[in-house]
Structure formats: structure tokens, C-alpha cells
Amino acid sequence: MWENILKILQRYGDVYLEGLAGTLWIAALTVVAGTVIGIILAVFRLGKCRPCEWFVRFYIWIIRGTPSLLQLYFFYLFLPKVLPIEISETESVVIALIISAGAYVSEIIRAGIQAVDPGQTEAASCLGLSRAQTLRFIILPQAVKNILPALGNEFVTLVKETSVAGYIGLRDLTKASDIVASRTYDYFVPLILAACVYLVIVLGLTKLVRMFERRLAQSDYR
């Protein structure tokens, strides 16, 4: 088995590197954009605008109630036909992943905001801070501390969910393992190699989240 692994790495290492690069950029873009959308949706849902709240509720209900792969196919097939501007298939898939991530992240952030003591909002209002300033400087920093473990787990999930992009043809780790398997007629070893790379990525992301947790915990004692 080890000989097969070394042979595959020697012959098809560039395929795995290309797949790794695809996974990393898709995951990074999904995490960053999904977090931004999640914050915006959480603020809209907790705001006083009823139409915005109803829209966010409907949006989250649709995304959470349908499978990720189905959403991916939907955006892949219909988004280029609906939009007035021309977008590639890759962009359609990335947009689908970002929209899906935003729904889940928004629920985590909403829970974190609601966990902050309402008295702090009243105190900020007494000090003359606007709602935007209160949210930015008081509510969100404390909410991040409350939701960081759950948010970290969601980021790990988002990294793993990028593997569904391989079904559409994007060159990620899963697609790379399929390509190598089709050339070597050995499906076990290529999948094991892809799984090992995913484990390393997830381990690094988990350690990074724990490092932020420790730093935030240390700031509470200062």
C-alpha cells in the first residue's frame, strides 16, 4: 500500500496540489463572504424592519430545508440564465456555497447577539451611542466570544462542504482524487490521500480557532 501511495504522489502530485489550491481558495472565499452575509442577515433579522425580518426568515428556511448538493445544482444550472450579466460555472458554484454558508452563519451570530445582556444596550444608549455604534463596539465583540466555538465548527463544516463542488467539475481535492482514480483504476488510495489532506486542513483550522479562543479568554482577565 505504501508503495502505491508513493507512486501516486510521484506521478500525480501536481493534480493533488491543483486540487488543494482549488479547495483552499473556494473555502477561504466561502468563509469570508459567508460570514459577512451572515452578520448582515443577523442584524436584519434582529432589527425593527418587519419586511427584512420576514425575508431573512424565508431565506434561512429555504437554505436550511434543502440539501447543499441540490442548491449547488440549482445555482449551477439556472443562475447563468437568470442574471443579466455573464458569469462562469465556477462563479455560480461559489455563489451557491456562499449563500448557503450565510444562512447557517447568520443563525449562529443571531444567537450570540441575543445572548449579550440587554442592559448593555440600554447603557450604551444612555451614553449617547447610536444603534450602529452599540452593535459594532459593544454587542458584536461580546457576541464573538460567545459564538467562537460554534463559529469555528461551522467554518470546519464549510471547508468540508466545498467537496461537493467536485461533482460540478470544479478542480478541488475530491475531483483530484476522482481524476487520479480514473487514471490508475485504484479508487481506494486516491481517496485516502484526499482524506488525509482534508484532515490536515481541518486540524490546522481547529488549532487556529482554539488559539483565538485562548487569546479572547486572556483578554477577559486584563
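A salt bridge is counted here where a side-chain nitrogen of Lys or Arg lies within 4 Å of a carboxyl oxygen of Asp or Glu. The model is a predicted one, and a search of the whole structure finds five salt bridges.

| Salt bridge | Closest N and O atoms | Location |
|---|---|---|
| Arginine 57 and glutamate 53 | 3.2 Å | both in helix 2 |
| Glutamate 107 and arginine 64 | 3.3 Å | helix 4 and helix 2 |
| Glutamate 107 and arginine 110 | 3.1 Å | both in helix 4 |

Within helix 2, which covers residues 50-65, arginine 57 and glutamate 53 are four residues apart, about one turn of the helix. Arginine 57 is partly exposed, with a relative accessible area of 41%, whereas glutamate 53, at 11%, is buried.

Glutamate 107 takes part in two of the listed pairs, with arginine 64 and with arginine 110. The pair with arginine 64 links distant parts of the chain, since glutamate 107 lies in helix 4 and arginine 64 in helix 2, 43 residues apart. By contrast, glutamate 107 and arginine 110 are three residues apart in helix 4, about one turn of the helix. Glutamate 107 is buried because its relative accessible area of 14% falls under the 20% limit; arginine 110 also counts as buried, at 18%, while arginine 64, at 48%, counts as partly exposed. A network of salt bridges links Arg45, Arg64, Glu107 and Arg110.

At least two lining residues come from each of helix 1 (2-46), helix 4 (89-115), helix 5 (118-126) and helix 6 (131-161), and helix 6 gives the most, with five residues. By class, this lining has nine nonpolar, six polar and two charged residues.

About 330 Å³ of space lies in the second largest pocket, which is lined by 16 residues, with Val31, Phe155, Leu205, Leu208 and Phe212 nearest its centre. Helix 1, helix 6 and helix 8 (188-219) each give two or more residues to this lining, and helix 8 supplies the largest share, six residues. What is the make-up by class of the lining of the second largest pocket? The lining has 16 nonpolar residues, with no polar and no charged ones.

Technical notes: Residues are numbered from 1 along each chain as its sequence is written. This is a predicted model: local features need pLDDT of at least 70, side-chain atom pairs count only at pLDDT 80 or more; totals for chains, interfaces and linings use all residues. Side-chain values use heavy atoms; hydrogens and water are left out. Ala, Val, Leu, Ile, Met, Phe, Trp, Tyr, Cys and Pro count as nonpolar, Asp, Glu, Lys and Arg as charged, and the others, Gly among them, as polar. On a 1 Å grid over the protein atoms alone, a cavity is a set of points where a 1.4 Å probe fits but cannot get out, and a pocket is an open set with protein on both sides within 12 Å along at least five of seven lines; lining residues have an atom within 4 Å of a point. Grid points are joined across faces, edges and corners, and a volume is the space filled by probe spheres set on the points. Buried means under 20% relative accessible area, exposed over 50%, partly exposed in between (1.4 Å probe, protein chains only).
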